[in-house]
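Hi,

Please have a look at the picture first, and then read on for what turned up.

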Amino acid sequence: MAMNWQLILENLRTEAIFSRLAGTDPLSLAHNPHIAIPFLVVLAVLALLKMVRTLVTVVSAAALWFAVVYTLPKGEGFSLKDLGVFISICIMILAFLIYVYLIRSD
């Protein structure tokens with residue numbers, strides 16, 4: 001049985017990854033124990049080893065994914081409220097990353 005490398009490389013394009021992430025519900029993954037338990041173990045190991053920057057990067061990526069999926073509308077119309085919530089979440093994530101990477105000294 002031969003592997004279809006063309007299909008594998010097609011699925012690894014940035015657009016394909018973003019479209020799959022946008023179509024996946026983060027809360028359904030959080031309720032799946034095969035995904036939630038290893039994710040929590042990785043977070044706990046990062047916290048115990050005091051790998052703060054890696055921990056913050058992983059958590060902020062997850063927060064940004066939640067913000068994209070739950071605040072941006074799926075259709076064509078944008079409401080000002082949804083856009084304001086998304087922008088404020090992005091500003092909070094950016095402020096947190098700036099604090100951890102630039103201001104905080106370890």
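Let me begin with E10, which counts as partly exposed because its relative accessible area is 36%. For that term, buried means under 20% relative accessible area, exposed means over 50%, and partly exposed lies in between, with a 1.4 Å probe and protein chains only. Before going further, please note that this is a predicted model: local features need pLDDT of at least 70, and side-chain atom pairs count only at pLDDT 80 or more, while totals for chains, interfaces and linings use all residues. Residues are numbered from 1 along each chain as its sequence is written, and side-chain values use heavy atoms, with hydrogens and water left out.

**The salt bridges**

How many salt bridges does the structure hold? There are two, where a salt bridge is a side-chain nitrogen of Lys or Arg within 4 Å of a carboxyl oxygen of Asp or Glu. One joins the side chains of R13 and E10, at 3.5 Å from N to O. The other joins R13 to E15, at 3.7 Å from N to O. E15 counts as exposed because its relative accessible area is 53%. Through the partners they share, the bridges link E10, R13 and E15 into one network. R13 is itself partly exposed, at 38% relative accessibility.

Helices here are DSSP runs of H or I with at least four residues, numbered from the N terminus. T14 has 47% relative accessibility, so it counts as partly exposed. From T14 to L102 there are 88 residues in sequence and 28 Å in space, C-alpha to C-alpha.

**Helix 5 against helix 6**

Helix 5 (52–71) has 20 residues and spans 27 Å from its first C-alpha to its last, close to the 28 Å expected at 1.5 Å a residue. Helix 6 (residues 80–103) has 24 residues and spans 32 Å, close to an expected 34 Å. The expected span is 1.5 Å times one less than the number of residues.

How do helix 5 and helix 6 pack? Their axes lie 10 Å apart, at an angle of about 175 degrees. Axes are lines fitted to C-alpha atoms, for helices over the stretch in contact, and the angles run from 0 to 180 degrees between N-to-C directions. The two helices are therefore roughly antiparallel to each other, a label given to angles over 145 degrees.

Residues on the helix 5 side of this contact include V52, V56, S60, L64 and V68, and those on the helix 6 side include F86, I89, I93, L97 and Y101. Contact means heavy atoms within 4.5 Å. By type, the residues of this contact divide into 15 nonpolar, three polar and two charged. In that count Ala, Val, Leu, Ile, Met, Phe, Trp, Tyr, Cys and Pro are nonpolar, Asp, Glu, Lys and Arg are charged, and the others, Gly among them, are polar.

In helix 6 the buried residues are F86, I93 and V100, and helix 5 is part of what covers them. In helix 5 the buried residues are V56, S60, A67, V69 and T71. Their cover includes helix 2, helix 3 (26–30) and helix 6.

S60 deserves a look of its own: this helix 5 residue counts as buried because its relative accessibility is 10%. Leaving aside neighbours within four places in sequence, S60 is in contact with I93 and L97.

P26, in helix 3, is buried, with a relative accessible area of 3%. Not counting residues up to four places away in sequence, P26 touches W65, F66, V69 and Y70. P26 and F66 are 40 residues apart along the chain, yet their C-alpha atoms are separated by 6.6 Å.

Where is K50? K50 is in the loop between helix 4 (33–48) and helix 5. K50 has a positive phi of about 55 degrees although it is not a glycine, and at 69% relative accessibility K50 is exposed.

Finally, R104 lies in the segment after helix 6 and is partly exposed, at 32% relative accessibility. Its contacts beyond four places in sequence are V52, R53 and Y99.

Methods:
Angles under 35 degrees count as roughly parallel, over 145 as roughly antiparallel, 65 to 115 as roughly perpendicular and the rest as oblique.
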